[in-house]
Amino acid sequence: MPGPLQLRGPIMKFQPAGGPMTQVIAPQDRIFCAIDTTDLAHAVDLASRLGGVIGGAKLGKEFFAAHGPQGVREVAKAGLPIFLDVKYHDIPNTVAGAVRAVTPLGLRIVNVHATGGLEMMKRAGEAAREAADKAGVNAPWVIAVTILTSLDQADLDDVGLRGPISDRVVKLAELTQKAGLDGVVCSAQEITAARAACGPDFKLITPGIRPTWASTDDQKRIVTPHDAMAMGTDVMVIGRPITKADDPVVAAKRIVAELS
């Protein structure tokens, strides 16, 4: 079996500037492309073509269910940092074991669900740090999903989560920070509130990003890449505007140009 993947160093550095955070990183490194497919060859091809154009690739449950850790290794050979978007949510021991198992892949980011609770998140973070040290790789950011961007207020009401979405996101972000994790996944519409609650060093990863020239698809709480960056997101996850474009590289470069 191949050894642990050695990926490039930290991709984000921010410093206070008398209030708002000052960007000290190239805009393209904020973009992770969501490669949601079961086609391994297509995923590897996309990652290879996007190398040097954007900051990383997000591989989700669809891909991981089809190809597992070896598939992640194959995509990572292209050199893009990997966000393994598996959203673990189970009893603390099970989630810790799952995070411990994937950390040696040399991931940049891995996530759990904040609604799994404080103890589950604590155990996940501890497992990632211990496994990374044992495998000789950098520990990934362990982040927590707050409220999925496919959900709106009516959807939350349907499942019994009453109150404004922003309030729910902030409460879950504060719990995530208390657990010692690195950050959360949230809609860009909640960036300002989450940043105010959790401070400048807490990572905010934002899906549901759509350029003005792209369709919204199944996302409901969306903003443009330019607006998300202005609000202070650390990483923006962009999928179909890139992957479904006639030329994904041209589409990715167009987004980068809009951020520059």
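Contact here means that heavy atoms lie within 4.5 Å of each other, and on that basis Asp 85 is in contact with Lys 58, Leu 59, Gly 60, Lys 61 and Asn 111, leaving aside its neighbours within four places in sequence. The model is a predicted one, in which local features need pLDDT of at least 70 and side-chain atom pairs count only at pLDDT 80 or more, whereas totals for chains, interfaces and linings use all residues. Residues are numbered from 1 along each chain as its sequence is written, and side-chain values use heavy atoms, with hydrogens and water left out. The secondary structure of the chain comes to ten helices and ten strands, where helices (H or I, at least four residues) and strands (E, at least two) are DSSP runs numbered from the N terminus. Buried residues make up 51% of the 260 residues in the chain, with buried meaning under 20% relative accessible area, exposed over 50%, and partly exposed in between (1.4 Å probe, protein chains only). Among contacts between residues at least 6 apart in sequence, 68% join residues at least 24 apart.

**The barrel**

- Eight strands close into a barrel in the order E3-E4-E5-E6-E7-E8-E9-E10, with parallel pairing, two strands being counted as paired if DSSP finds at least two bridges between them.
- From one strand to the next the twist averages 25°, and angles run from 0 to 180 degrees between N-to-C directions, the axes being lines fitted to C-alpha atoms, for helices over the stretch in contact.
- Strand E3 (residues 31-34) and strand E4 (residues 56-60) run parallel and are joined by three bridges, and Cys 33 has Ala 57 as its bridge partner in E4.
- Helix H3 (residues 92-102) packs on the sheet, where it touches E5 and strand E6 (109-113), and its direction makes about 165° with that of E5.

**Strand E6 and its pairing with E5**

- E5 and E6 run parallel and are joined by three bridges, and Tyr 88 stands opposite Val 112 in E6.
- In a regular strand the side chains alternate between the two faces of the sheet.
- Both faces of E6 are covered, with Ile 109, Asn 111 and His 113 buried on one side and Val 110 and Val 112 buried on the other.
- Five of the five residues of E6 are buried, so this strand is largely enclosed by the rest of the structure.

- UniProt, in an unreviewed entry, places the feature "active site" at Lys 87; its positions are given in the numbering used here, feature names are shortened, and annotations may be inferred rather than shown by experiment.
- Lys 87 lies in strand E5 (residues 82-88) and is partly exposed, with a relative accessible area of 21%.
- Leaving aside neighbours within four places in sequence, Lys 87 is in contact with Lys 61, Asn 111, Val 112, His 113, Val 145 and Leu 148.
- Asp 85 also has its place in strand E5, but at 8% relative accessibility Asp 85 counts as buried.
- The side chains of Lys 87 and Asp 85 are joined by a polar contact of 2.9 Å, a polar contact being a pair of N or O atoms within 3.5 Å; within protein, one must be able to donate a hydrogen and the other to accept it, and residues adjacent in sequence count only if both atoms are side-chain atoms.
- A polar contact of 2.9 Å also joins the side chains of Asp 85 and Lys 58.

- At the start of H1, a side-chain oxygen of Asp 39 reaches to within 3.1 Å of the backbone nitrogen of Ala 41.
- The buried residues of H1 are Ala 43, Leu 46, Ala 47 and Leu 50, and they cover an arc of only 95° around the axis, which puts them on the same side of H1; the arc is that of the directions from the helix axis to the C-beta atoms.
- What covers these buried residues includes E3, helix H2 (61-76), helix H9 (240-243) and helix H10 (248-259).
- Asp 45, also found in helix H1, is partly exposed, with a relative accessible area of 36%.
- Just after H1, Gly 52 takes a positive phi of about 85°.
- Val 53 lies in the loop between helix H1 (40-50) and E4 and is buried, with a relative accessible area of 12%.
- Not counting residues up to four places away in sequence, Val 53 touches Gln 28, Val 249, Ala 252, Lys 253 and Val 256.
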